[in-house]
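I opened my notebook on a new model today and went looking for its layout. Here are my entries, in the order I made them.

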Amino acid sequence: MHVRSRDPLTLPVLALNRHFHPVQVTTARRAFLLLFGGAAHALDEAGDVHDFLSWRRLPVRDSDDGLPIVGGSLRVPRVLHLRRYERVRRPTVRLSRRNVMLRDAHQCQYCSKRPPVRDLNIDHVVPRSRGGVDSWENLVTACRPCNLRKGRRTPEEASMRLLRAPTAPRWSASMLLLLGRPQPFKEWEPFLKSA
Ligand SMILES: [Zn+2]
């Protein structure tokens, strides 16, 4: 089993609605409650659906997290199927300095350098003094020298090209931002790709 200092009950679990679309990320604690109460089933890596009794018979393998229980260990599910949940919810990511930097992978959007995070600024593409607003489309990560060089000018005026047009994070990227996880569990991949 992986050595993890974290409480296995706080591990993230991807929850799917009745139609197998990802709708939220919950905790293993809530996942076990829903599974035990019958409101949800757990999916294994092959996509087979298990109720609690069937799930507790699955072995805890090296790649799994296990929850110690009386007489053994219970595999922590990675994907949960909410049997009666109909809604499709697209989570929005809060616009924040940290999340803009995560979207931009901590890379200056003008010179493409990746200095330490403390040397990164958030740049208003259209400066605030020119009516530029705080939005996913108008905020980018910039290193200090680029931010200083651009000053109160637009990229065109400063002859500084953006690496890419800034946009709000997409759904699957949103999930990762919400979690602050660089990589989802491999069991999540089929569902994040289809989202
Ligand atoms: Zn730069």
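**Entry 1**

I began with Asp44 and found it in the loop between strand 3 and strand 4. Helices (H or I, at least four residues) and strands (E, at least two) are DSSP runs, numbered from the N terminus. Before going on, I noted that this is a predicted model, where local features need pLDDT of at least 70 and side-chain atom pairs count only at pLDDT 80 or more, while totals for chains, interfaces and linings use all residues. Residue numbers start from 1 along each chain as its sequence is written.

A residue is buried with 20 or more other C-beta atoms within 10 Å of its own, exposed with 12 or fewer, and partly exposed in between, with C-beta atoms placed from the backbone. Leaving aside neighbours within four places in sequence, I found Asp44 in contact with His50 and Leu58; contact means C-beta atoms, placed from the backbone, within 7 Å.

Next I looked up Arg164, in the loop between helix 5 (155–158) and helix 6 (171–179). Arg164 is exposed, because its count is 9 other C-beta atoms within 10 Å.

**Entry 1: the whole chain**

I read off 7 helices and 9 strands for the protein chain. Of its 195 residues, 26% count as buried. Among contacts with a separation of 6 or more, 59% join residues 24 or more positions apart.

What order do the strands of the open sheet take? I traced 5 strands in the order 2-1-7-3-4, with mixed pairing. Strand 2 (22–27) and strand 4 (49–50) are at the edges and have a single partner strand each, so one side of each has no neighbour in the sheet. Strands pair if DSSP finds at least two bridges between them. Strand 1 (residues 12–16) and strand 7 (residues 79–82) are parallel partners over 3 bridges, and Leu14 has Val79 in strand 7 as its bridge partner.

I also checked strand 5 (residues 66–69) and strand 6 (residues 72–75), which pair in the antiparallel sense over 4 bridges. Their hairpin has 2 residues between the strands, and Gly71 there takes a positive phi near 80°.

Which residues of helix 1 are buried? My list reads Ala28, Ala31, Phe32, Leu34 and Leu35. After helix 1 comes Gly38, with a positive phi near 90°.

A nonpolar core is a set of buried Ala, Val, Leu, Ile, Met, Phe, Trp, Tyr and Cys residues joined through C-beta atoms within 7 Å. The largest has 20 residues, and Leu14, Ala15, Leu16, Ala31, Leu35, Val79 and Leu80 touch the most other members. Helix 1 gives the most to this core, with 5 residues. Apart from it I found another core, of 9 residues, among them Cys108, Leu139, Ala142 and Cys143.

Key. Contact = placed C-beta atoms within 7 Å.
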